[in-house]
Amino acid sequence: MPALSNDTESWPDFWPDRLGEDAAGWPGTWNGRDGRFPSSDLESYYVMDDFSDYEYAVGIETDGPHSGFGVYYPSPEEDPTMGGLGLQTQIRLFQWANILAEDAMFIIYRITNKSEKDQTRLFFSQIVDYGLGQDEQDDNATYDPFLDVVYGWDSDGLADPTNPGESRYELGYAGFAFLESPANDANGLDDDQDGIVDESRFLENYLVLTSQEEIDTYVAANYDAAQFELFYGESYDQRPAYKAGIWYTSDENLDWVGFKDNNNNGIWDIGEPLNNDVGADGLGPFDLNYPGPDAGEGDGIPTNGEPNYNELDVDESDQIGLTGFDLNTRPFYESGDNLRDDTWLFTRIAATLFSNPDYEEPSTVVANEPFILFTSGEVELFSENKVDAKSTDFFSTAWIFGNDEGDFFKNRKTVQNIYNSDYNFAQPPIMPTLTAVTGDEQVVLSWDTLSVNSFDRFLQDFDFEGYKLYKGTNNLLSDSRTISDVNGTPTFYQPIAQWDLDNDVSGTIRVLEGDAVYNLGSNTGLEFYYVDNDVTNGKLYYYALVAYDRGISSSGGDDPGIDPQENTFRISLNGAGAVVGTSINAAAVIPTTNPAGFVGGGTDSDLSKVTEGTGTGSASISVAVEELVDDTKLYEVVFSDSASDIGIQRVTTTYEIREVGSDALVSSTPFSSSSKIVDGFIINFDNDNPGNIIRNKTGWVANEGQENELFNEDPSELDGISTNWELAITPDRNGDLTNFVRTDHDYEVYFVNPEDSTYRPPLLFGAGFSRFDIPIFARNLITGKQADLFISDTDENGELNSGDVLFLAERDERNRVKYRFMITILDNGGTEDIAPSPGDKFRISTTRPFGRDDKFQFTMRKQTVDTELAKESLKDIFVAPNPYLGAASWERKSGSIGRGERKIEFFNLPKSATIRIFNVRGELVRTLQHNPNASNCTSNTEDKYDGSISWDLRSNDSEDIAYGIYFYHVEAPCIGEYVDKFAIIK
């Protein structure tokens, strides 16, 4: 079975071809063409050889040759049992799910001569028999030699049904493109006309040129610069190695670049871009499952296995191209024993070479099943034992499909772009892992944060942008694929929720070369859970969560840009319609009622304010997976923030969740409004914006420090305050913000006995403030430092009284005065002033984001069943649908795979119960056991906490029941009994 990149069960314990690497055999990781990761969304890999082909060996029975052509031993000394030509082929298949590339698949053959014999006259050929649909007598095919592509279509565009009872369906176009051929690196010719003679993907020796002048000299002596520019679309001095000013000449097309030495110390340091210098395993520090540095990583020297170098650079090969082609029919190729007759086949290859003087360009196939033959050769493939001789070469094609001819050739263009990029294509962020937990008429969905830090190696950028959550009632989510392109073809899914980074990327953009629109979001900020309350108990729902990136906008002209990429998803069903597997970002779940008396897990800790610190926000707990809740731990959440000085509002940057006295459960993570899931719960943060005045904690202070501490800017509303100075406190001067800087600090203004102390405002030239002594001081309650007060003496009487204004201020790092608040003592309308008494004070409180001084501490409570509450809830048991009218809403639609079982559901059952169903004659029809191993009498964390069970409308003898009225009796030990009825109607 071929190994699949998304199926670890298909991987061997180690990869035999990787035993020479630092991590011998690369156990536990993918063996990709480009390293320890898949280069495409799905990569398949397998190895085959012709060692068991004994057609030209000695027959055991006769001791004579099997063939009249004689005996051939590929490896008579090392392995005399080897048959065939002794060739081994590694085959890789690449496929991308991106809409632009989803209708193509690449096949790459890496062919090695494992024998002792040199093969001096080889042809690499591929024969393909392809038909469209079941009716193979009306297919057509033709060949475009300029694009090296053969393609076909059905005469009437319709295919006969695959299975009895199905309808005919529309067919598109299908074909094959020839991409990569073997090379000749020893004939002194520029076979591929790229301006380079005899380039090779297996060079070990090189010159190191360390200046652009040296590179200019070398290119002038060894390259055809004009032909190079024609082939690559840019001159050699626009290539990455030339721009970097250092070139290893074994990188013939100048596109390998080593690490960027930002500090010019001559070595790679953590944080410096590695570029292509990622080592033999292809992994860099930003890649998922990065195991650490390996051979060649960060050494500034190209290493086999690094991108854009040797084997991984298809342009470092002097390819001879397609040298022969045939388009014919299946009856012609399968006539007699043609395909098994070596002589016939070799003769056919020779006859269809372009160099054959008698070659005739094939005509279009009409109304028959097409057969195609791609050929490249002659080439040499020397024994693997021969030093400094080429023993390995490559051959690749692509399968291409399209809705019509235009779509087919658009996909051909995409195929060429991927090939030109060394089989690389823009890929979506790391796929998130979705967890879906059902509840009573709800589904709680949560996911991890891996996607956020995704590094796109194709774009060399951290380009994650957001998440989209899709929902459907079938496994393809086709009922949510409602966003169409300009042709009306459903193209994108409509999310039920979307979250994206709060940045400068938002809104819709044109994609698919202008044929469709993609929504990048509205700067909502990220979330990591979602509660779907739009569900019906007993009904199957399908969900998929995709992460997407921002793509690259077109720069104009011929540059199309790169469309945003998003994850794919997979939900597989068997023939009966049952879910048999999903991708990690998808789920299929059925919500159901909780058992009678159910009390969900949660916390009894007060999270309405921080346990310690000055942050003014709050938190709450959402339980996502009840079974994982742990009530033995004391949890703690701490935060970090941007540096906060006087008058500078801090910003919450990260959070961390840990068990007190233990390691972090969620290590330092960028702050968002909800945490990732930990021990079955999610923490929701209600973080305040900085610097807003908290009115119910601002004003004169009464009962300071007591439980009934009160604040009000009108002292008459408080007990124990004798002054009649009513205040108006604002963070600006009547809307004017000149010299005002908002702060998220709290302040206190307090009155003292003038005989003990007084305060005189500092001199502030040109501001027009009065300066006289007042028995008032102000201080910053966060820093503990004294703040300045400036007086606007509106009646110019040299005293502070009603109608006057105070400006609370502080100085910045350059000693400049910055106002915080304007405090107006409202005019009392001529009433006698009653000044504050010593000890009176008023406070200004502001909202403050979470920061390094803040923490929440809390414990959790597990789910449980309250027996007394369960007894009271027996009356809530019900059957749905009731009556059952031939079908239920949760049964599969007629167009789905498999109808699924007919069933009704019993809801709101106790944790464990026996349900007995009787007909109107009192005869027992069926007995159902609901969680028989659980107990209603005790609480057990291993119990299954659901309150429903389904019945397939069959008797105890597995016979379909008759229509009519049925009674059911629920017996629940330690809870009680309940009796009711339902109807089954035809």
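# Patch, ring pairs and sheets

Colleague: How much accessible area do Val58, Val71 and Tyr73 have together, as a nonpolar patch on the surface?

Modeller: A patch takes residues with over 30% relative accessible area and no salt bridge, joining like charges within 9 Å and nonpolar side chains (Val, Leu, Ile, Met, Phe, Trp, Tyr) within 5 Å; a salt bridge is a Lys or Arg side-chain nitrogen within 4 Å of an Asp or Glu carboxyl oxygen. Areas come from the Shrake-Rupley method with a 1.4 Å probe, and for residues only the protein chains shown count as cover. For Val58, Val71 and Tyr73 together, the area is about 220 Å².

Colleague: At what pLDDT do side-chain atom pairs count?

Modeller: Residues are numbered from 1 along each chain as its sequence is written, and side-chain values use heavy atoms, with hydrogens and water left out. This is a predicted model, where totals for chains, interfaces and linings use all residues, local features need pLDDT of at least 70, and side-chain atom pairs count only at pLDDT 80 or more.

Colleague: Is Tyr73 buried, partly exposed or exposed?

Modeller: Tyr73 sits in the loop between strand 2 (42–49) and strand 3 (87–95); strands are DSSP runs of E, at least two residues, numbered from the N terminus. Buried means under 20% relative accessible area, exposed over 50%, and partly exposed in between (1.4 Å probe, protein chains only). Because its relative accessible area is 37%, Tyr73 is partly exposed.

Colleague: How many residues apart in sequence are the parts tied together by Tyr151 and Tyr173?

Modeller: The structure holds 86 aromatic pairs, counted for Phe, Tyr and Trp (six-membered ring) with centres within 6.5 Å: stacked under 30 degrees between planes, edge-to-face over 60, otherwise tilted. Tyr151 and Tyr173 are stacked, at 6.4 Å centre to centre and 25 degrees. Tyr151 lies in strand 7 (residues 149–154) and Tyr173 in strand 10 (residues 173–180), so the parts tied together are apart by 22 residues.

Colleague: Are Tyr151 and Tyr173 buried or exposed? And which strand holds Tyr819, the ring partner of Phe790?

Modeller: Tyr151 and Tyr173 are both buried. Phe790 and Tyr819 form an edge-to-face pair, 6.4 Å centre to centre with 80 degrees between the planes. The pair ties together parts 29 residues apart, because Phe790 lies in strand 40 (residues 786–792) and Tyr819 in strand 42 (residues 817–825).

Colleague: What is the bridge partner of Phe790 in strand 41?

Modeller: Phe790 is buried, at a relative accessible area of 1%. Its strand 40 runs antiparallel to strand 41 (residues 805–811) and is joined to it by five bridges; two strands pair if DSSP finds at least two. In strand 41, the partner of Phe790 is Phe807.

Colleague: Which strands stand at the edges of the nine-strand sheet?

Modeller: The sheet is open, with antiparallel pairing and the order 36-35-43-38-39-40-41-42-37. One side of each edge strand lacks a neighbour in the sheet because each has a single partner: these are strand 36 (710–712) and strand 37 (727–730).

Notes:
Helix = DSSP H or I, 4+ residues; strand = E, 2+ residues; numbered from the N terminus.
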